[in-house]
Amino acid sequence: MSGKASAAAIFAENRDAGPLAAIDPRVRLAAAITFLALLAVLHTAPALIAALLAALAAAFFARLPFRATLRRLTAVEGFLLFLLLTLPLTMPGHALFSLFGLPVSEEGVRRAIVIIVRVNAGVLMAAALLSTMGTMRLAGAMSGIGVPPRIAHLFQLTVRYVGVFHEEYARLRRAMRARGFRAGSNRHSWRSLGHLLGMLVLRSAERAERVAWAMRARGFSGQFRAFAQRRLERADRLFILIWPVLLIALAWLEFG
């Protein structure tokens with residue numbers, strides 16, 4: 001996916017669909033944080049399977065696009081596959097069998113499976129609760145649950161301009177290649193890449209200054225209007241009642 005396409009995907013603000021779309025972003029953000037915090041301490045098979053099923057159910061109710069979600073999971077699985085191949089060989093414990101003369105430990109296999117299930121459940125739940133609300137509403141939700149507004153503004157603007165800076169970086173690289181530059185392990189290449197990094201920082205600072213001027217010219221007073229919070233409605237209160245039941249059930253499966 002190109003930088004421009006990535007930016008378009010990130011900045012789309014109207015992707016909410018399904019029953020979860022009616023839930024206030026602050027409630028969804030708090031739910032995601034509590035779920036991920038509990039997920040980090042789950043180790044037993046029943047609790048992890050229940051967490052994964054809950055994440056799949058949330059993805060279904062959020063009506064996540066199948067192909068886009070599969071692409072995200074595929075990117076995660078690439079790292080997890082490396083973990084699954086190396087952890088059983090490097091973690092000491094009871095040897096199940098030998099692979100190329102190296103013992104494959106039972107503890108390593110279990111730890112790798114726990115991490116894989118935990119990461120997939122976390123990615124699916126975060127995608128279901130957060131990925132469809134858009135950066136502006138997510139930043140507003142951060143402000144609404146107590147995150148300092150400056151940090152929420154910084155998050156929103158950083159995500160907003162990641163794609164822009166990536167396009168600037170790609171343009172500079174194209175200009176270097178047009179002048180015959182080919183990266184190698186030599187002094188000229190490292191010096192040229194250093195100049196590229198310095199030019200990127202300089203142009204980023206100039207663009208940030210222009211954006212700040214434009215925002216002030218449009219009356220920006222340090223607070224986005226989109227950060228204004230609405231009152232919680234019936235669907236929000238019902239979700240707030242149901243969510244702790246799920247967390248308590250997962251904790252009971254783990255510690256009960």
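The lining of the largest pocket in this predicted model divides into ten nonpolar, four polar and three charged residues. In total, 17 residues line this pocket, and those nearest its centre are His153, Leu154, Leu157, Ala208 and Met215. Helix 7 provides the largest share, with eight residues. The space within the largest pocket amounts to about 480 Å³.

The largest nonpolar core comprises 38 residues. Phe35, Met125, Leu129, Phe239 and Trp243 have the most contacts inside this core. At least two core residues come from each of helix 2 (25-39), helix 3 (45-61), helix 5 (106-130), helix 6 (135-144) and helix 9 (234-255). Of these elements, helix 5 supplies the largest share, nine residues. Leaving aside residues up to four places away in sequence, Leu129 touches Leu20, Arg28, Ala31, Ala32, Phe239 and Trp243. In soluble globular proteins, nonpolar side chains tend to be buried together.

A charged residue, Asp24, is located in the loop that connects helix 1 (3-11) with helix 2. Asp24 counts as buried because its relative accessibility is 2%, and the cut-off for buried residues is under 20%. A polar atom of the Asp24 side chain lies 2.8 Å from the backbone nitrogen of Arg26. When residues up to four places away in sequence are not counted, Asp24 touches Arg230, Leu232 and Asp236.

Methods
Residues numbered from 1 in each chain as written. Predicted model: local features only at pLDDT ≥ 70, side-chain atom pairs only at ≥ 80, totals over all residues. Heavy atoms only, no water. Core = buried A, V, L, I, M, F, W, Y, C linked by side-chain atoms within 4.5 Å. Buried < 20%, exposed > 50% of the residue type's maximum accessible area, 1.4 Å probe, protein only. Helix = DSSP H or I, 4+ residues; strand = E, 2+ residues; numbered from the N terminus. Contact = heavy atoms within 4.5 Å. 1 Å grid on protein atoms, 1.4 Å probe; cavity = no way out; pocket = protein on both sides within 12 Å on 5 of 7 lines; lining within 4 Å. Points joined across faces, edges and corners; volume = space filled by probe spheres on them. Polar contact = N/O pair within 3.5 Å; in protein donor to acceptor, adjacent residues only side chain to side chain.
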